[in-house]
Amino acid sequence: MLANYAYVSSWPILDRKLGSVSAVAIDGAGNVVIFHRGSHVWSFSSFDAQNVYVDATGGPISQHTVLKFTHDSGNLLQEWGENLFYMPHGLTIDHEQNYWLTDVALHQVFKFDLNHSLTEPVLTLGTRFEPGNDMYHYCKPTSVAVLRTGEFFVADGYCNGRIVKYSPEGIPILSWGRNSFFLTRTFTLAPGPVPTNYFAIPHALAVVADRDLLCVADREQGRVQCFHTANGTFHSQYSSPEIGGRLFSVKYVASDGGLLYTINGPGLDLDSVPVGGFILEMDSGKVISRFQPNNSKHAFSNPHELAVVDDGSEVYVAELDPQMVHKFRLISPQPSTSSLASVRSEGENTSSFGHYSSASGMNSALTAGSIGIFSIVSTLIVTSLLVILMARVFCFRSGQGSSRVDEVPLRSMANEEG
């Protein structure tokens, strides 16, 4: 079924300006929690050549970095996290309502039990301000995913390009993956399609509990790779020409046979696909729907992470710049017209990955607030009006916003924001 989402522009209610919103999650009560960077900005000069954070002496973020809102009204319920973090990245809330947060400047992962303390984590992994690649050091870790058993996974991250699995107590069990990100890898990658188990920034994680899989947003390779949670062996991967070459986040919804919700990011050339959210069928790998703001003032620019309610009724997207969080509400499912995508299961030939083209991208992608088609005549009228309107909008923006097309992707890559 094709999901039709409406954009909720009045959410949340907040009386202050946020920093770059790096993460968003949903707790067990349905409240929405965000993790933001306050006054700290990840710039090209934030880390030295050895990935050490250079502004440690400046102190942690003084503002509350973790904010919890009601999902319906958007009222602020709770805020904490001041004077704890230097460069927030990932946020996960597990089934026991523990908060897992990653900080790329500290190179650490934290587990907080809010009933225990808002200032002292119950578990800390990694060594403060020390990047590394053994089992007790990270290099800019990005995300955490937790199984019902209490075992958990850490995506590590910008430099190491690996996934590490731990026992509930934080004891390392296994690790897999190799860094293929061209800015940080220390080896020459063979020509041709990038093999599985290689990551160009494993940026976000999603547990697919009903299939015992862990899915990874392989950011700079524009794909989702999924692995068996028991032993880390490869299972399948997903990509689409509609999504493009950069994919920042992935979340799983079990309805309709299993769906992957993804968000891409600004591309690195003028021919890049538009920034938006995409929904893929796990069984077919096809993109069956899209979601993006229908409000030009709130258009996606540099989205970073997303969260989805278990039944898919609401979607939230964290944005680095502009610094905000977007909300989408499911209006109604509609019959889908699937578009071409690629999905490869374990055992297939890796040389065929990515050689696909989309001939029906626009047919399969309904944005939030799209108008229902009631008849052939009304369709022609609406289409004609939209063509005229879009022509005017394009002419207006082409004079004012051309620099944005070039600046956003290049800034994102150079700063390693993501």
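G59 touches H40 and Y86, leaving aside residues up to four places away in sequence; contact here means heavy atoms within 4.5 Å. The structure is a predicted model, in which local features need pLDDT of at least 70 and side-chain atom pairs count only at pLDDT 80 or more, while totals for chains, interfaces and linings use all residues. Residues are numbered from 1 along each chain as its sequence is written, and side-chain values use heavy atoms, with hydrogens and water left out.

G59 lies in the loop between β3 and β4. Strands (E, at least two residues) and helices (H or I, at least four) are DSSP runs, numbered from the N terminus. The relative accessible area of G59 is 14%, so G59 counts as buried. The C-alpha atom of G59 is separated by 7.7 Å from that of N83. Along the chain, G59 and N83 are 24 residues apart.

The loop between β3 (32-36) and β4 (66-69) also holds R37. R37 is buried, at 0% relative accessibility. The unreviewed UniProt entry carries the annotation "binding site" for R37, Y158 and R219. UniProt positions are given in the numbering used here, feature names are shortened, and annotations may be inferred rather than shown by experiment.

R219 sits in the loop between β17 and β18. R219 has a relative accessible area of 0% and is therefore buried. The side chain of R219 makes a polar contact with that of E220, at 2.5 Å. A polar contact is a pair of N or O atoms within 3.5 Å; within protein, one must be able to donate a hydrogen and the other to accept it, and residues adjacent in sequence count only if both atoms are side-chain atoms.

Side chains of opposite charge can pair when their charged atoms come close. A salt bridge is defined as a side-chain nitrogen of Lys or Arg within 4 Å of a carboxyl oxygen of Asp or Glu. By this rule, the model has 10 salt bridges.

One of them joins the side chains of E220 and R246, at 2.9 Å from N to O. This pair links distant parts of the chain, 26 residues apart. E220 is in the loop between β17 (213-218) and β18 (223-228), and R246 is in the loop between β19 (234-239) and β20 (247-253). Both E220 and R246 are buried.

E151 and K165 form another salt bridge, with the closest N and O atoms 3.6 Å apart. E151 is partly exposed, at 22% relative accessibility. K165 is buried, at 4%.

A further salt bridge pairs R16 with D15, the closest N and O atoms being 3.4 Å apart. R16 is partly exposed, with a relative accessible area of 36%. D15 is exposed, at 69% relative accessibility. Salt bridges link D15, R16 and E79 in a network.

Residues 139-169 are 0% helix and 52% strand. The end C-alpha atoms of that span lie 21 Å apart.

Terms used. Buried means under 20% relative accessible area, exposed over 50%, partly exposed in between (1.4 Å probe, protein chains only).
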